[in-house]
Amino acid sequence: MYDLARDGVDDFYARRPGAQRLVRREPLSGIVDGANKTFIAQHPTWLLSSLKVYVGDTVYTSADLTCDPDGGVIQFPTAPTVQPLADYTVVPLTKQQIVYFVWAGFDLMEVLWTRGFSLSKNNLLYEPATYTDASIYICQRAQDGTVVDPTIGAVKFSESHPQKMVIAQCTELAYMDSLFSEAAASDISYRERITGIALDSSLRPRNLKLAREVLFASVRNAIYAAMEEAGDIGQFSAQTLPPHSADYEAFWHWQKDSPYGGLTVPGTLRWNLA
């Protein structure tokens, strides 16, 4: 099943390569005396899966160590006797912050395309998940309390790239909404000239708004692709967008002003109804 606390975090940063920075062979801070087991990375926020630590000829991964990637703390099972060196990927947000955005992306996905999915911290029996759980599974639950990987059409959610693209795009939109709301509420409008250059912070909310509009179009296209894969695309399908919404009117309704004089369905032929 798709795990928001693992797969969602990885997918979020896979789509934001510019936000990552790879650190190689960085000396970890800590006393090397054969007794101290606790060392600290110079950058406090990094991806746990990216960690490799070299102690002489021994290579450790995150599975071999006790790590706090949001605090930069690394604990060894045995005290190093030589300087530990680390490779890891630095990121600007903590894992918990990303989980908040992925959770919001899941809620947005269910609003735009309601399918009755749930979030469980157990991948066998349904247990309501919270933001801080180690695992948060997207699932469908049965009446007996068991949960399964959601099936859309003939594919499972966790095995479908188009389905995972929907939540990835919705997560991006949730993140953009947070930036836009913060900028719109807190940015001060001012103009300043330095050697003839004008700085105008009032443009930032406007630019974020334009970026959000572009991103929402990507979300909509991702939903259409996922619908088509699931076989749920069509004028009279149960999984179409809500009737009378702007998207329904634009893409699914009978288009009387169409030059083809008939029904237009994205990605398909047009039928002339004259």
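Q: What makes a residue buried, exposed or partly exposed in this predicted model?
A: The model is predicted. Buried means under 20% relative accessible area, exposed means over 50%, and partly exposed is what falls in between.

Q: Why is Ala225 called partly exposed?
A: Ala225 has a relative accessibility of 37%. Ala225 is part of helix α4 (residues 203-230).

Q: Which residues does Pro162 contact, leaving aside its neighbours within four places in sequence?
A: Pro162 is in contact with Ala222, Ala225, Ala226 and Glu229. Pro162 is placed in helix α3. Its C-alpha atom and that of Ala230, 68 residues apart along the chain, are separated by 9.5 Å.

Q: Why does Pro162 count as partly exposed?
A: The relative accessibility of Pro162 is 23%. Buried would require under 20%, so Pro162 counts as partly exposed.

Q: Why are α1 and α2 called roughly perpendicular?
A: The axes of helix α1 (residues 4-14) and helix α2 (residues 95-112) cross at roughly 95°. Angles of 65 to 115 degrees count as roughly perpendicular, and α1 and α2 are therefore roughly perpendicular to each other. The two axes come within 9 Å.

Q: Which residues of α1 and α2 meet?
A: From α1 there are Leu4, Ala5, Gly8, Val9, Phe12 and Tyr13, and from α2 Lys95, Ile98, Val99, Val102, Trp103 and Phe106. By class, this contact has 10 nonpolar, one polar and one charged residues.

Q: How many aromatic pairs does the count come to?
A: The count comes to 10 aromatic pairs.

Q: What makes the pair of Tyr2 and Phe157 edge-to-face?
A: The angle between the planes is 80°, and planes over 60 degrees apart count as edge-to-face. The centres lie 5.8 Å apart, against a limit of 6.5 Å for pairing.

Q: Why does this pair tie together parts that are apart in sequence?
A: Tyr2 lies in the segment before α1, and Phe157 in the loop between β12 (155-156) and α3 (161-186), so the pair ties together parts that are 155 residues apart in sequence. Tyr2 is buried at a relative accessible area of 2%, and Phe157 is buried at 0%.

Q: What makes Phe39 and Phe76 an edge-to-face pair?
A: Their planes stand at 90° and their centres are 5.6 Å apart; the edge-to-face class starts over 60 degrees. Phe39 lies in strand β2 (residues 38-40) and Phe76 in the loop between β6 (73-75) and β7 (85-90), so this pair ties together parts 37 residues apart in sequence.

Q: Why are Phe39 and Phe76 called buried?
A: Phe39 has a relative accessible area of 0% and Phe76 has a relative accessibility of 4%. Buried means under 20%, so Phe39 is buried and Phe76 counts as buried.

Q: Which residues do ring pairs link into a cluster?
A: The cluster consists of Phe12, Tyr13, Phe101 and Tyr175.

Q: What is noted about the phi of Arg25?
A: Arg25 has a positive phi of about 50° although it is not a glycine. Most residues other than glycine have a negative phi. Arg25 is placed in strand β1 (residues 21-27) and, at 43% relative accessibility, counts as partly exposed.

Key:
Residues are numbered from 1 along each chain as its sequence is written. This is a predicted model: local features need pLDDT of at least 70, side-chain atom pairs count only at pLDDT 80 or more; totals for chains, interfaces and linings use all residues. Side-chain values use heavy atoms; hydrogens and water are left out. Axes are lines fitted to C-alpha atoms, for helices over the stretch in contact, and angles run from 0 to 180 degrees between N-to-C directions. Helices (H or I, at least four residues) and strands (E, at least two) are DSSP runs, numbered from the N terminus. Angles under 35 degrees count as roughly parallel, over 145 as roughly antiparallel, 65 to 115 as roughly perpendicular and the rest as oblique. Contact means heavy atoms within 4.5 Å. Ala, Val, Leu, Ile, Met, Phe, Trp, Tyr, Cys and Pro count as nonpolar, Asp, Glu, Lys and Arg as charged, and the others, Gly among them, as polar. Rings of Phe, Tyr and Trp (its six-membered ring) pair if their centres lie within 6.5 Å; planes under 30 degrees apart count as stacked, over 60 as edge-to-face and the rest as tilted. Buried means under 20% relative accessible area, exposed over 50%, partly exposed in between (1.4 Å probe, protein chains only).
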